[in-house]
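Trainee: Could we go through this model together, one question at a time?

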Amino acid sequence: ILMNLYYLLPCRISYDPTRYPKYIPEAYCLCKGCLMGIFGEENFHFRSTPVYMPTVILRRTSACAGGRYVYAEDYVTIPVGCTCVPEQEKEVESVNSSIDKQEVKLLVNQNKPPSE
């Protein structure tokens, strides 16, 4: 069933004549938010983000051997799907994180033994 869902994802075809395979399908996210709820409405408290998979390809080099191209392994990451992640409020997070850091510093300073 998962393989069938993969083919339903929107994808673009990446083409590079210097690699093998020359054509690679790459998934992309259709929505900024995530489709949720009973009626599948878009929720902007979450964001769609690509899921990547590391893949080995063969990349053509400038060398020839026996009248044929020489290829070398290359590692690339390919988007294979999308998932939902919670959208974080940047202002609230930055204020809270700086307050938390100050509280931690105060606690650490209070727990330090007095220097002699």
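Here is how the conversation went.

Mentor: Ground rules: this is a predicted model, where local features need pLDDT of at least 70, side-chain atom pairs count only at pLDDT 80 or more, and totals for chains, interfaces and linings use all residues. Residues are numbered from 1 along each chain as its sequence is written, and side-chain values use heavy atoms, with hydrogens and water left out.

Trainee: Okay, over how many bridges do strand 6 and strand 7 pair?

Mentor: Strands here are DSSP runs of E, at least two residues, numbered from the N terminus, and two of them pair if DSSP finds at least two bridges between them. Strand 6 covers residues 46-65, and its pairing with strand 7 is antiparallel, over 17 bridges.

Trainee: Which residue in the turn of that hairpin has a positive phi?

Mentor: Strand 6 and strand 7 form the hairpin with two residues between them. The phi is about 65 degrees, and the residue is Gly66.

Trainee: How do Tyr15 and Tyr23 pair, and at what angle between the planes?

Mentor: Rings of Phe, Tyr and Trp (its six-membered ring) pair if their centres lie within 6.5 Å; planes under 30 degrees apart are stacked, over 60 edge-to-face, and the rest tilted. The structure holds one such pair. Tyr15 and Tyr23 sit 4.9 Å centre to centre, and the pair is tilted, at 40 degrees.

Trainee: Is Tyr23 buried or exposed?

Mentor: Buried means under 20% relative accessible area, exposed over 50%, and partly exposed in between (1.4 Å probe, protein chains only). Tyr23 has 54%, so Tyr23 is exposed.

Trainee: Which ring does the charged end of Arg12 sit over?

Mentor: The test is NZ of Lys or CZ of Arg within 6 Å of the ring centre and within 35 degrees of the ring normal. Arg60 lies over the face of Tyr69, 4.1 Å from the ring centre. For Arg12 the distance is 3.9 Å, and the ring belongs to Tyr28.

Trainee: What separates the C-alpha atoms of Pro21 and Ile57?

Mentor: Pro21 lies in the loop between strand 2 (19-20) and strand 3 (23-27). At 32% relative accessibility, Pro21 is partly exposed. Pro21 and Ile57 are 36 residues apart along the chain, and their C-alpha atoms are separated by 6.9 Å.

Terms used: Helix = DSSP H or I, 4+ residues; strand = E, 2+ residues; numbered from the N terminus.
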